[in-house]
Amino acid sequence: MSIPELVSIILPTYNRAHLLPTAIDSVLAQTYQNWELILWDDGSTDETGKVLKSLSDPRISYYSQENQGKAKVLNHCLELAGGNLIAFLDDDDQWLPEKLEVQVDAMTKWPEIDLVFANFCNINVESNVHADAFEQTSEGLARLMTRNMGDNWWLIRQGFLEGITRENFIAFDSVMIRNTVIEQVGGFNENLKNSEDLEFWWRVGLKGLKAAYTDKIVMNRVKYPGSLSGRSIGSMLGFLETLEACKELAIEQDCFDQVGLLRPLYRNTWHNLILEYGKKKDLANAFSAFWHSLNYGFRPGAFRLLLRALMKKLFG
């Protein structure tokens, strides 16, 4: 009888002591039990330390260091990982019990696959809305050319980069990769403030690694009040840095056609910045965002956003 593959689960955490136990419990409840859980506290100032010290399962190890950012934490954990398969979990999300089993079975059955991901449920606690994530990102998935491998799994043959730049359908903690992926594309970009996962998938796509997915829901992504920070100015400026990193990678590898895939993301981010600067009555930066957006094609909506910013400045 073959020995089951060890899965290294990486769980970075920061000031989520009230949510972390639920994420950990979802690991303990997995039907596939040959795993190690590597927890890394990125300088929390709440009760996270007490939560970690209360853990007694020998498969769980935890580490703590001053705040360094998620990408650095992920790379620290990757250095500690002992499994041939690696999975990721965010501290505010929960896996469903069969998550690991479903993905390990797929990785065992198809050894040529480098990365797998799955559907998930988006839960907005404030509005009590539960949504099928693949339905929400259907425009991105529609860009994929796939082959049905059976057992509710699809191999992505073409369109990986086209898909994730249209509508990113990959939830970070729905993913499982082989450790050889890190050897081929490197770890996470520690220069990025956010969206380090998108830049990582971009490198996977440029490298031409093989990815597959199932539309089986394997996790709940939970959004709590105050956690929807993607539209903050800081987050959007950080996202622009991520897009720049993706563009530079494509140029370095002479993948000039792929650079064009980033243009809508640039444009939409600058449009969102016009809106957010307008809300703050920061007309100078709203104008700057408008002019930057024109580099990616004029849209009447951008002009309307600028007018709204002007009206906000003049009339409050």
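This is a predicted model: local features need pLDDT of at least 70, side-chain atom pairs count only at pLDDT 80 or more; totals for chains, interfaces and linings use all residues.
Local features need pLDDT of at least 70 and side-chain atom pairs pLDDT 80 or more, while totals for chains, interfaces and linings use all residues. Residues are numbered from 1 along each chain as its sequence is written, and side-chain values use heavy atoms, leaving out hydrogens and water.

**View 1. The whole chain.** Here you can find 14 helices and 11 strands (DSSP runs numbered from the N terminus: H or I of at least four residues for helices, E of at least two for strands). The chain is as compact as a globular protein of its length, because its radius of gyration is 21 Å, close to the 20 Å of the globule rule for 316 residues (taken over C-alpha atoms; the rule is 2.2 Å times the number of residues to the power 0.38). Along the principal axes, the C-alpha atoms fill a box of roughly 70 × 45 × 35 Å.

**View 2. Helices H10 and H12.** H10 spans residues 233-252 and H12 residues 263-279; they pack at about 160 degrees with axes 10 Å apart (axes are lines fitted to C-alpha atoms over the stretch in contact, and angles run from 0 to 180 degrees between N-to-C directions). That makes H10 roughly antiparallel to H12 (an angle over 145 degrees).

**View 3. Side chains between H10 and H12.** Residues of H10, including Ile 233, Phe 239 and Lys 247, meet residues of H12, among them Leu 265, Trp 270 and Tyr 277 (contact means heavy atoms within 4.5 Å).

Note on methods:
Angles under 35 degrees count as roughly parallel, over 145 as roughly antiparallel, 65 to 115 as roughly perpendicular and the rest as oblique.
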